[in-house]
Amino acid sequence: MVILAVESSCDETSVAVVRDGKEVLSHIILSQIDIHAVFGGVVPEIASRNHVVHITRVFDKAITDANIKIDDIDLVAVTKGPGLIGSLLVGINAATTFAFAHQKPIIGVNHLVGHIYAANIEHDIKFPALALLVSGGHTELIYMKEHMDFRLLGTTKDDAVGEAYDKVARTLGLSYPGGPIVDQLASQGKDTYDLPRPFLDRTEYNFSFSGLKSAVINLVHNAQQRNEAINIPNMCASFQASVLDVIIEKTKLAATNYNVSQIIVAGGVAANKGLRNRIFNEIPEKEIIIPSMEFCTDNAAMIGAAAYHQYLLKGALPNYLLGGDSTLSIEDQ
Ligand code: ATP
Ligand code: MG
Ligand code: FE
């Protein structure tokens, strides 16, 4: 089955052609990072406008690169949420228009399900599985009994991990998005600053990162007032050590208690090199799968991977009236 998949929930305009949920025939990701970097974060209205400007070209390029004819496409899939509503609607309108014009079936896919199914492109998800979803807007532990079956075990009570990375980077005067830069600097520094490990001693699966972020901000401001320099690589290393101590320990706890066969690490923060290095050593008793970097941050191939299993279970929509839902949860399909 050939799926044309579309993702536009934030600031990446992406279209991919994926066969049987696994074989990525083409994959175009147009990032708006340079446009938003000057503002220190994504500006929603600017993101929607840029999707409008580029999306037709991205469709064309994905179809050309896949070396297929439009006739070969069996299904259109598009991210329906969660995300920025204006951005989502551009992808949804483009996908439904394309599907209607060419009389193809269409389905709306949950972006978070897409992040998890990114892991099924190069690996095979084995059940029961535990997904650690760490991204710009989400930090969740999810239990999967079988395909397309998601139970939320824990989530963040305040900031998401990626959001904390971006805010810490901003406080340290680093550019946007902060995650990759903090990750890189962390590898050059040492864990010398005394930062909290929020919720580490609690036997629950929830997280909290805003206190940790504030601890970094306070240390930086206090140092500025005393005219002292902050050692930026050491601060990055200390922050990253705290984040990883917590997320790896909670993942281990849930994986043990739910006796899962596999752990899936997904979302933009799954690109973190420190996390990728540590988690295999610290949870050696479980099989762990992580998508390669290209499939960790927002991309349409993951939507095609998820759409395949969703279609097998539930089929396509009866019409072309697909809406967006900016706050869709992992348990809503
Ligand atoms: P969501 O998927 O929750 O809706 P999003 O789509 O904005 O949010 P993603 O694209 O999945 O988020 O991930 C982007 C986030 O990942 C950013 O916060 C970015 O800083 C973070 N990130 C990317 N690479 C790394 C890295 N190497 N280390 C830590 N964080 C990273
Ligand atoms: Mg992005
Ligand atoms: Fe995302």
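**Reading a helix pair and a binding site**

Me: How do helix 9 and helix 10 pack, and at what angle?

Reply: In this predicted model, helix 9 (residues 232–257) and helix 10 (residues 273–282) pack at about 40°, with axes 10 Å apart. Angles of 65 to 115 degrees count as roughly perpendicular, under 35 as roughly parallel, over 145 as roughly antiparallel and the rest as oblique, so helix 9 is oblique to helix 10. Residues are numbered from 1 along each chain, and local features need pLDDT of at least 70.

Me: Which residues of the two helices meet?

Reply: Contact means C-beta atoms, placed from the backbone, within 7 Å. Here Gln240, Leu244, Ile248 and Lys252 in helix 9 meet Gly274, Leu275, Arg278, Ile279 and Glu282 in helix 10. These contact residues divide into 4 nonpolar, 2 polar and 3 charged, with Gly counted as polar.

Me: Where does UniProt place the "binding site" feature?

Reply: Such annotations may be inferred rather than shown by experiment. The unreviewed UniProt entry puts the feature at His111, His115 and Asp298. They are spread over 188 residues of sequence, yet cluster in space, with a largest C-alpha distance of 8.7 Å.

Me: Is His111 buried or exposed?

Reply: A residue is buried with 20 or more other C-beta atoms within 10 Å of its own, exposed with 12 or fewer, and partly exposed in between. His111 has 26 such neighbours, so His111 is buried. His111 lies in helix 4 (residues 111–117), and touches residues including Ser9 and Thr79.

Me: And what does His115 contact?

Reply: His115, also in helix 4, is buried, with 30 other C-beta atoms within 10 Å. Among the contacts of His115, leaving aside neighbours within four places in sequence, are Leu133 and Met302.

Note on methods. Chains are lettered from A and ligands numbered from 1 in the order in which they are written. This is a predicted model: local features need pLDDT of at least 70, side-chain atom pairs count only at pLDDT 80 or more; totals for chains, interfaces and linings use all residues. Axes are lines fitted to C-alpha atoms, for helices over the stretch in contact, and angles run from 0 to 180 degrees between N-to-C directions. Helices (H or I, at least four residues) and strands (E, at least two) are DSSP runs, numbered from the N terminus.
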